[in-house]
Amino acid sequence: FSRISESCRSNFCIDMDAEDSRGTGKRNLFYLQLGIVLLENQRVRKVIFASKSFVESLEGLLVQKQPNSHDLAILLPHVWWHGAQDAEIDEKGMKEACATLENAITRVEANQVQLVLCILKHSKDVFKSFLRSILQKNRGALRNVQPAGLSDNSVLTSLYYVLLRLVRPLLLNDKLAAVLPKAAFAKMFLDTDELDHYVDASRLGGTFSHLQKSVDMDQLKDIELDVSVPYKSVLSTGIINGTTLYDTAFTVYHNQFLDSVDQDTEMLAMVLDSINWLYHLGLASKFKQASLQLQNQVSAISQLEDAIKRRDEAEPTNPDYHKHLTEACSLFMEDVVESVRQCSWFRALLYSTWKQEAMFAMCIFQTRLLLEASK
């Protein structure tokens, strides 16, 4: 099982269509699927869950390695951007290529959901231990100088989206209030086993250790929070023809999640808390990378357009300078193509419709939670 995990961890994993000759790394998706099959076997599962390295092994199956330039060149051999001259594909072709890439990522993520549900279905204790271990291991990710031994950032990103998919239907109208007691979060803060990832974490009001000294923690047991979310998704209203997308992204997994959680309301509070922390520990930096890459793309396109303009102006009067600018344009073109590919990857990974919608719903939930806590 460790070798299977390492195969997923060390190689780029994407599931392009089988008939698509651009596919790369498809066999690594098979490793992920094989890992799920092994976890479904009782004897194998017992050995894996009892292993001291089971957290690292499960982490490996959640890794979505950042593609390098070679990988991206295979996934997106031809690119287009606004203002592109002599591009080998047009805007429609670029949209189709990006849609294919997003669908490939979606298939990998669907298997990651099945992996987490498999763990939860067979052992709630192992599931809780896995979440705690991930959060405790990465609590130093927010430091300016990060400690050694942190998880790969893609593990945090993958786990964030998996948990978000599982709880998203609960954030619809009053469903959450029906299954989550008003005192659930207060009980979680009174349980010292759940607080290791809070220690020395920077937050409003100071570090958590400072708040523990300045706030009477015993008073938390009397606090009840109404965490209902009066929000109806545009995906479920038909406004953007998203009903099928909503069912595919969320509903298909939700009943299995609720059956596994059963009456364990403390676990539900823990999952919601983990989603919040996984965003800050991992996903936030991924969005920063995407933003920087977009800035690089804008800058590269601007440099290319300026060089092309100066090259065309120099052609009739200065042949040597024209030759120099032609070579410069080739280099700038390579930079633009690379940056467009990188931005397309981040767009497919982070900005799909269901992810934006679910994150928006979670933001509303957290806002409601803060408003209730501040009363």
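Biologist: Why are K95 and E91 separated by about one helical turn?

Modeller: This is a predicted model, and in it K95 and E91 are separated by about one helical turn because they stand four residues apart in helix α6. Their side chains meet in a salt bridge, at 3.6 Å from N to O.

Biologist: Is K95 buried or exposed?

Modeller: K95 counts as exposed, at 55% relative accessibility.

Biologist: Which side chain meets D306 in a salt bridge?

Modeller: The side chain of R310 does, at 3.1 Å from N to O. D306 and R310 are four residues apart in helix α13 (residues 265-314), so about one helical turn separates them. D306 is partly exposed, with a relative accessible area of 39%, and R310 is partly exposed as well, at 32%.

Biologist: How many residues apart in sequence are D306 and C329?

Modeller: D306 and C329 are 23 residues apart in sequence, and their C-alpha atoms are 9.2 Å apart in space.

Biologist: Changing topic, where is R165 found?

Modeller: R165 is found in helix α8, which covers residues 153-167.

Biologist: Which side chain of opposite charge is nearest to R165, and how many Å away?

Modeller: The nearest is E109, 4.4 Å away. R165 is buried yet has no salt bridge, because a salt bridge requires a side-chain nitrogen of Lys or Arg within 4 Å of a carboxyl oxygen of Asp or Glu.

Biologist: With which residues is R165 in contact, leaving aside its neighbours within four places in sequence?

Modeller: R165 is in contact with E109, A110, V113, T248, A249, F250, Y253 and W354.

Biologist: Which residues line the largest cavity?

Modeller: The lining consists of Q64, Q66, I105, E109, Q112, S154, T157, S158, Y161, K286, W345 and L349. E109, which lines the largest cavity, is also in contact with R165.

Biologist: Which helix supplies the largest share of that lining?

Modeller: Helix α8 supplies the largest share, with four residues. Helices α6 (91-122), α8 and α14 (319-350) each supply at least two residues of the lining. Helix α8 is also where R165 is found.

Biologist: How many nonpolar, polar and charged residues does the lining have?

Modeller: By class, the lining has four nonpolar, six polar and two charged residues.

Biologist: What does rolling a probe the size of a water molecule over the atoms show?

Modeller: Such a probe shows where empty space is left.

Key
Residues numbered from 1 in each chain as written. Predicted model: local features only at pLDDT ≥ 70, side-chain atom pairs only at ≥ 80, totals over all residues. Heavy atoms only, no water. Buried < 20%, exposed > 50% of the residue type's maximum accessible area, 1.4 Å probe, protein only. Lys, Arg positive; Asp, Glu negative; His and termini not counted. Contact = heavy atoms within 4.5 Å. 1 Å grid on protein atoms, 1.4 Å probe; cavity = no way out; pocket = protein on both sides within 12 Å on 5 of 7 lines; lining within 4 Å. Nonpolar A, V, L, I, M, F, W, Y, C, P; charged D, E, K, R; others polar.
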